[in-house]
Amino acid sequence: MSRFRSSAGIVAALITLAPIAAVAQFVPPTMELKNVAPDVYTMQHPFGSSNASFVVTADGVLVFDADIRTANQTMAAIRKITDKKIKYVVMSHPSGDHATGVWHFREDKPVFIATRKQMRDLYQQERAEFIERSASPLPQHAGYKGAELVHPDIGFDGALTLQFGGLTFQITEEGSAHSTSDVTLFVPQRRVMMMGDLLNTEIHPGPGESAQVFFSNARNWITLLDRIIARQLPVDTYIPGHGPIHIGRGVADLEEQRRYFIVMRDAVSKMIMAGRSVQQIQKEFVTPKEFAHYRGPQRQTAFINLFYHQLLERGFWP
Ligand SMILES: [Zn+2]
């Protein structure tokens, strides 16, 4: 999740730089429809707003992730492509930018599936954030006005297989790395896997913030990616939670994401060794060359805080 960190940063910049009239004209991110594989579509945002995907079958549509700010665009895209109703909704993790938009699908009465941990987090801190944003006068929270936080219908632990419309949906609770319960969805007949925020392309990973709590854990993230890579799944495209989709790049995207955490943690560790404080590291940090083109510098700054404290908490061993 990124929990709107990037957009919050942009809005903060707008407030600083622009007259009030410009802020009042805040518009939600415009999503771009991508056909990733036959029947598989992603509403993608190239600059960082969360991606959402949907799969069209003869028996209905499955949606993976919904942001209250953009899920109306997902709904409109589905209506253009098919007359089938949304049958299931699955979320990658219980964050504002992935789990709040199910309300836009209410007309279709989909079954909303989540892990039990996701259910708990949704009614705890995510609900607190939702209520806070519903009452907020800030234009970037306008999408929350009058909306309700939809709670899941079915809770599971571990893994769940759905079969409908001739396709198989392997829903896996991978563990806790970006959030408290990160879920992936693999469609073997379409050679795609939806990764949620376990995968970010060309953008720094989010620190997993919700209601001022930061959930991401670098060590767990490396471990989960290791496990997924070790499955050697027949997947052409891993769909990221943030950033552009690299159609056909396959496991190289996961390997790059895994390397990111190792290289970044190593760089932070060297600055700790040199006696730098967390504030100094955040200020002086030079992004390793391999990731220098990544967007979202404010996400990097937030994550340095996690690298720093998680290294001190766990020691310097891997
Ligand atoms: Zn996110």
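Predicted model: local features only at pLDDT ≥ 70, side-chain atom pairs only at ≥ 80, totals over all residues.
**Entry 1: a helix across strands**

I jotted down some background here: strands of a sheet pair through backbone hydrogen bonds, either parallel or antiparallel.

Then I went through the pairs. E8 and strand E9 (residues 167-175) run antiparallel and are joined by six bridges. The hairpin of E8 and E9 has two residues between the strands, and in it Gly165 takes a positive phi near 60 degrees.

I moved on to E9 and E10. Do they run parallel or antiparallel? They run antiparallel, with five bridges joining them. Gly175 stands opposite Asp182 in E10. This pair is a hairpin as well, with six residues between the strands.

**Entry 2: the other sheet**

I turned to the sheet of seven strands. It is open, its order is E1-E2-E3-E4-E5-E6-E7, and its pairing is mixed. Strand E1 (32-37) and strand E7 (154-156) are the edge strands, each pairing on one side only. Its twist averages 20 degrees from one strand to the next.

I zoomed in on strand E5 (residues 86-90) and strand E6 (residues 111-115). They run parallel and three bridges join them. Val89 faces Phe112, which is in E6.

Which helices pack on this sheet? I wrote down helix H3 (residues 71-81), which touches E1, strand E2 (40-44), strand E3 (52-57), strand E4 (60-64) and E5. The direction of H3 makes about 25 degrees with that of E3. I also wrote down helix H5 (residues 116-134), which touches E6 and E7. The direction of H5 makes about 100 degrees with that of E6.

**Entry 3: one residue up close**

I clicked on Ile113, which lies in strand E6. Is Ile113 buried or exposed? With a relative accessible area of 2%, Ile113 is buried, because anything under 20% counts as buried.

I then listed what Ile113 touches, skipping residues up to four places away in sequence: Tyr88, Val89, Val90, Met91, Ile154, Phe156, Leu160 and Leu162. I looked at Val90 in particular. Ile113 and Val90 are 23 residues apart in sequence, and their C-alpha atoms are 5.1 Å apart in space.

**Entry 4: the zinc ion**

Which protein residues are the donors of the zinc ion? They are Asp97 (OD), His98 (NE2), Asp197 (OD) and His242 (NE2), lying 2.1 to 2.4 Å from the ion. Their spacing in sequence reads D-H-x98-D-x44-H.

Asp97 is in helix H4 (residues 96-99), while His242 is in the loop between strand E14 (237-239) and helix H7 (252-273), so the pair ties together parts that are 145 residues apart in sequence.

Why is the arrangement called irregular? The four donor atoms subtend angles of 91 to 167 degrees around the zinc ion, and that makes the arrangement irregular. To count as tetrahedral, all angles for four donors would have to lie between 85 and 135 degrees. For comparison, I noted that the ideal angle for four tetrahedral donors is 109.5 degrees.

One more note on His242: its side chain makes a polar contact of 3.3 Å with the side chain of Arg299.

Note on methods: Residues numbered from 1 in each chain as written. Heavy atoms only, no water. Donors = N, O, S within 2.8 Å, 3.2 Å for Na, K, Ca; no water. Tetrahedral: all angles 85-135°; square planar, octahedral: opposite > 155°, others 65-115°. Helix = DSSP H or I, 4+ residues; strand = E, 2+ residues; numbered from the N terminus. Polar contact = N/O pair within 3.5 Å; in protein donor to acceptor, adjacent residues only side chain to side chain. Pairing = 2+ DSSP bridges. Axes fitted to C-alpha atoms, helices over the stretch in contact; angles between N-to-C directions. Contact = heavy atoms within 4.5 Å. Buried < 20%, exposed > 50% of the residue type's maximum accessible area, 1.4 Å probe, protein only.
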